[in-house]
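Morning, everyone. I have one structure to walk through today. Let me put it on the screen.

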2 protein chains.
Amino acid sequence: MNKQISGLVFSPRVQYRRIATSASSTKPNKFDYDLYVKSKFKAVSISIQHALPPPFKRPETLQLHEAMRYALSQGRLMCAIVCIAACELVGGSQDDAMPGACAVEMIKTSTCVQDDLPSIDNAELRDGKPTVHCAFGIPTALFAGTALLVLGFEHLAAHYRGDTAARMVGEVSRAVGSTGLLAGQAVDMGIQNAGRAVELETLEFVHLHKTSALLEASLVIGAIAGGASDQDIEALRAYGRVTGLLYQIVDDIADATKTTEELGKVAGQDAMTGKSTYSTILGVDKSREIVGQLLVEAKERLGVFEETKALPLIHLMDHFVNWAYDRR
Amino acid sequence: MNKQISGLVFSPRVQYRRIATSASSTKPNKFDYDLYVKSKFKAVSISIQHALPPPFKRPETLQLHEAMRYALSQGRLMCAIVCIAACELVGGSQDDAMPGACAVEMIKTSTCVQDDLPSIDNAELRDGKPTVHCAFGIPTALFAGTALLVLGFEHLAAHYRGDTAARMVGEVSRAVGSTGLLAGQAVDMGIQNAGRAVELETLEFVHLHKTSALLEASLVIGAIAGGASDQDIEALRAYGRVTGLLYQIVDDIADATKTTEELGKVAGQDAMTGKSTYSTILGVDKSREIVGQLLVEAKERLGVFEETKALPLIHLMDHFVNWAYDRR
């Protein structure tokens with residue numbers, strides 16, 4: 001497999017290593033991605049627990065609030081972490097970004113709770129734990145999902161100056177609304193129901209809407225919180241768009257190339273169920289070539305920033321790609 | 001029945017008639033409630049259709065947007081109408097209130113779409129037409145409900161100045177969140193699952209959260225759009241709280257006293273299914289006494305405004321109460 005990768009016109013791994021090395025060679029041992037993510041994860045986990053309202057007045061609301069906490073505990077908090085990373089990249093602090101980071105994570109989580117429902121993906125496990133509707137029942141999952149979505153908006157309105165909050169509300173609502181994430185979900189559902197192969201263009205539409213849109217909004221909200229210029233905001237938005245797509249293609253490749261043990265779920269499911277993915281449509285090699293192109297593009301988008309400051313976001317792509325390519 | 005009503009210590013009908021007459025005697029034939037509601041209904045209907053994004057880019061999103069339009073067409077637009085009425089009452093215009101009115105109606109509709117789902121109320125009809133999930137399937141209903149909720153927030157952020165928008169987002173998110181409407185739904189669901197009689201206090205909690213909270217927010221958002229003082233905003237909030245409760249008690253009474261033909265649904269269902277309502281717990285007479293007290297209180301809350309200007313909101317209570325009491 002390694003031979004195949006290095007034989008590509010665009011070799012993502014090599015290409016990527018160059019990017020990472022060029023950055024880390026300037027400041028050796030300056031950036032530890034795992035430590036960075038771990039520290040942000042911890043900070044967000046604490047803040048987001050405090051951001052949830054306590055169960056109030058009546059015992060029956062206890063379960064609803066418990067379900068909200070449970071749902072949030074299942075996430076890897078990536079939306080929150082990139083939100084903070086974007087804020088720090090443009091000169092803001094973790095504290096500046098934190099309410100926005102909690103808000104995008106609540107909103108992200110609400111979409112996961114809805115996605116997992118029996119009528120949509122019918123998922124029983126998320127991150128190895130029972131999904132919210134399996135743990136709390138469908139009604140509570142519906143209420144908790146909606147409550148987290150609404151709490152995200154409330155949190156933005158409560159913690160930022162009016163004009164900043166309104167701008168953030170606009171960004172995230174467009175990202176998850178019927179011309180954003182929900183459009184992607186609707187098209188994806190259509191694909192699944194039709195049960196037939198789809199064009200690459202359709203697949204790209206789904207990824208850009210289901211995955212990129214909220215990633216973009218998370219970055220943009222962090223950037224707004226950090227007082228970024230319009231140019232910097234648009235650079236981060238473009239980086240998010242490319243990185244969301246890249247993440248999904250890497251995920252497609254992993255399904256085709258990794259073992260069940262490595263994936264933590266049954267490998268080769270996409271080909272087996274006839275699901276259209278980048279790998280099943282274009283093949284693994286061509287998909288890797290596209291990943292290579294996207295890596296170059298994402299790196300270019302971050303070119304407006306000082307490279308050492310952009311390390312968390314650069315390493316984020318590294319993490320995505322290495323997860324799929326390592327140990328092969 | 002009429003005799004019984006007039007024999008009450010608090011006679012809602014008589015009490016109410018006095019309220020209405022005292023207002024209309026000053027300005028005879030000055031206010032036509034039906035015409036007012038009809039005109040506002042038409043104006044909101046047009047604006048809300050324009051507020052929906054057109055189905056875009058891919059044909060699969062067509063159904064999602066169609067479901068959103070369909071859901072909105074099932075409402076009586078009462079949240080939107082009271083929002084405009086509140087704005088006009090404090091000196092603003094219909095145009096000032098319209099984006100807020102559309103937003104609260106979208107959010108209200110999203111809660112109805114969710115409520116009707118098989119796992120919650122399992123309703124097949126709303127306003128005599130198939131519910132959204134019956135017409136479009138559960139996945140599309142889930143997406144459309146969420147999309148309408150999100151669009152409501154987007155609409156506020158897009159159409160008001162930043163600080164005004166943020167304030168409105170805060171109001172409506174608190175109203176529908178896990179300590180507002182959703183708390184009411186969670187408690188209501190708990191009651192239904194337990195299948196036992198409940199205390200009046202619990203019932204009041206459900207009504208104040210499931211019904212009053214969003215009515216309050218609709219009024220407050222209209223008042224904010226009209227540039228109201230804090231005192232006026234709080235008066236309208238208190239009016240909304242009382243009126244929401246009043247509406248639900250009147251609805252409980254109607255179930256016990258009106259015919260199936262008059263109700264448009266099977267009469268006497270509450271007593272038959274053992275559902276706890278004001279009528280089944282306190283009896284019809286005592287419930288009417290409470291309605292009388294609430295009418296007085298609601299009227300008092302509007303006392304800070306010029307009476308002729310408050311006519312739409314005064315007549316709204318009239319409409320609720322007369323609907324339950326007329327032709328008896």
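One definition before the numbers. A salt bridge here is a side-chain nitrogen of Lys or Arg within 4 Å of a carboxyl oxygen of Asp or Glu. With that cut-off, the structure holds 22 salt bridges over all chains. Keep in mind that this is a predicted model.

Take one pair from chain A. Arg167(A) bridges to Asp230(A), and their closest N and O atoms lie 3.7 Å apart. This pair links distant parts of the chain. Arg167(A) sits in helix α9, Asp230(A) in helix α12, residues 230–257, and 63 residues separate the two.

Now the interface. How many salt bridges run between chain A and chain B? The count is zero. What we do find is five residue pairs in polar contact, both partners at pLDDT 80 or more.

Which elements supply the side of chain A that touches chain B? Those giving two or more residues are α4 (60–73), α8 (138–159), α9 (162–176), α10 (181–194) and α11 (200–225). Helix α8(A) gives the largest share, 11 residues. By residue class, that side of chain A splits into 25 nonpolar, 14 polar and seven charged.

Next, the extent. On chain A, 46 residues are in contact with 46 residues of chain B. The area buried between the two chains is about 4000 Å². Carbon and sulfur atoms give 77% of that area. Three residues stand out: Arg58(A), Phe143(A) and Ser178(A). Together they supply 16% of what chain A buries against chain B, more than any other three residues.

On to symmetry. A 180° rotation, with 0.0 Å of shift along its axis, superposes chain A on chain B at an RMSD of 0.0 Å. That is the relation of a two-fold axis. The same surface serves both copies, and 100% of the contact residues of chain A recur in chain B.

Last, confidence. Chain A has a mean pLDDT of 87, with 88% of its residues at 70 or more. Where pLDDT is low, the predicted coordinates should not be read in detail.

Definitions and conventions:
Residues are numbered from 1 along each chain as its sequence is written. Chains are lettered from A and ligands numbered from 1 in the order in which they are written. Side-chain values use heavy atoms; hydrogens and water are left out. Contact means heavy atoms within 4.5 Å. Buried area is the accessible area (1.4 Å probe) that two parts lose on being put together, summed over both. A polar contact is a pair of N or O atoms within 3.5 Å; within protein, one must be able to donate a hydrogen and the other to accept it, and residues adjacent in sequence count only if both atoms are side-chain atoms. Helices (H or I, at least four residues) and strands (E, at least two) are DSSP runs, numbered from the N terminus. Ala, Val, Leu, Ile, Met, Phe, Trp, Tyr, Cys and Pro count as nonpolar, Asp, Glu, Lys and Arg as charged, and the others, Gly among them, as polar. Copies are superposed by least squares on the C-alpha atoms of residues with pLDDT of at least 70 in both. pLDDT is the predictor's confidence in each residue, from 0 to 100.
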